[in-house]
Amino acid sequence: MKTKKILLEEKDIPSAWYNIAADMKNKPLPFLHPGTKQPLKPEDLYPIFAKELCHQEMNDTDAWIEIPDEIREMYRIWRPTPLVRAYGLEKALDTPAHIYFKNESVSPVGSHKLNSALAQAYFCKKEGITNITTETGAGQWGAALSYAAKVFGLDLAVYMVKISYEQKPYRRSIMQTFGAQVIASPSMSTKAGRKILTENPMYQGSLGTAISEAVELAMETPNCKYTLGSVLNHVMLHQTVIGLEAEKQMEIAGEYPDIVIGCFGGGSNFSGLSFPFLRHKINEGKDIRVIAAEPASCPKLTRGEFQYDFGDETGYTPLIPMFTLGHTFAPAHIHAGGLRYHGAGALVSQLRKDDMVEAVDIKQLDTFKAAVLFAQAEGIIPAPESSHAIAAAIHEANVAKEEGRQKTILFNLSGHGLIDMTAYDQYISGDLQNYELSDAEIAGNLDKLEKIV
Ligand SMILES: *Cc1c(COP(=O)(O)O)cnc(C)c1O
């Protein structure tokens, strides 16, 4: 009988995260202070993040960072996650390619986000912090952090993008069930929110605005820190448990991936799966293609510019060296809410600049077509975000078929879509559309950036 799932045991949960910055030939450029434009030191970030996370953020010397036992203990609830051979999808595509996916949708909150949420909450707790803040767009990060905050006894305030707050009430209920306080953003509770609402009372919110509000609350509240679910180096670090497990599992399968694919919002699930494999490319020259799949309506890696930019709309965060569409870019309301972020994390941006990773952009209708095919072939309804990775994997499997070559493709199933069924409803009833983005629209936002590199 052919093996379908490759499972590891709890003892195989990685004992250290992999820090790719230590191995990168060209290190990412430093973050800059938003006011002085001078390179930041870890201490400069202390007012915003837990100290340990500030040090992880700027560590480019230690390739391995030990995972504290308290976090590994929590990972045991659902890790190691299965690596699955997608025989059903291979058959549906009639492809000679071998397709594998790492199933991160089995986490209690349904996505990979819990890998970092638990780590961030743990380090905050350890430093005596009592309150944390964050933002959430689609609600996945908020849900993960709400549970993590409860586990480690922290009070959490989540700024949720207003349009999601209204359109995705169940996401809000999930966070509230775990005990978090959820506030629609923009709100009147912060200066950033009040300013935006005064200028535009009908504003439906954006991730950039919600970040500004959450950061402001953290800076003005004693014993309170901010946390972020993607983009930053320490988040990529925590997510490497995905790829480290997958590496062992591929070995058990007796294969090594030719192509590794992840969908791309700020980069955390993509980095989590791919960085451990990229280390073989960096250190041993292994021939492997690594592909980030982003939405055509938010194409920072394929059509953005490498530049210093803010992580938020107001400009509270440090300047981050990244592929960006400009922090004022307002992406269309596609259903893959988790991919509607204007920039790519610094590590992936540098790797993209150095041609270590590739990027593709995929239109909304193509992602849902891929999602339905995958659901019917594998029995799992994927998150609209993950469907970008599926569409890219299907494309590569079709290329393998045309070339008549066996290739091994590995992609990350970052989450399931069981609370995204309104999106599927719209697709099935033909109400979904693609969004075209003109070069002029992209240039318009990029022109507003101060050019530093
Ligand atoms: C948040 C999210 C993403 C996008 O974020 P990344 O940091 O780019 O991984 C992708 N998939 C799912 C299921 C998510 O919840």
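Is Cys224 buried or exposed? Cys224 counts as buried, at 3% relative accessibility, where buried means under 20% relative accessible area, exposed over 50% and partly exposed in between, with a 1.4 Å probe and protein chains only. This is a predicted model, in which local features need pLDDT of at least 70 and side-chain atom pairs count only at pLDDT 80 or more, while totals for chains, interfaces and linings use all residues. Residues are numbered from 1 along each chain as its sequence is written, and side-chain values use heavy atoms, with hydrogens and water left out.

**Cysteines**

The whole structure holds 0 disulfides, a disulfide being a pair of cysteine sulfur atoms within 2.5 Å.

**Ligand site**

The ligand is surrounded by 18 residues, and the closest are Lys113, Ser230, Gly265, Ser268 and Asn269; a residue counts here if one of its heavy atoms lies within 4 Å. By class, this shell has 4 nonpolar, 12 polar and 2 charged residues; Asp, Glu, Lys and Arg count as charged, Ala, Val, Leu, Ile, Met, Phe, Trp, Tyr, Cys and Pro as nonpolar, and the others, Gly among them, as polar.

| Residue | Protein atom | Ligand atom | Distance |
|---|---|---|---|
| Gly267 | polar backbone atom | oxygen | 2.9 Å |
| Asn269 | polar side-chain atom | oxygen | 2.7 Å |
| Ser414 | polar side-chain atom | nitrogen | 2.7 Å |

The protein covers 97% of the 380 Å² of accessible area that the ligand has on its own, by the Shrake-Rupley method with a 1.4 Å probe.

Notes:
Polar contact = N/O pair within 3.5 Å; in protein donor to acceptor, adjacent residues only side chain to side chain.
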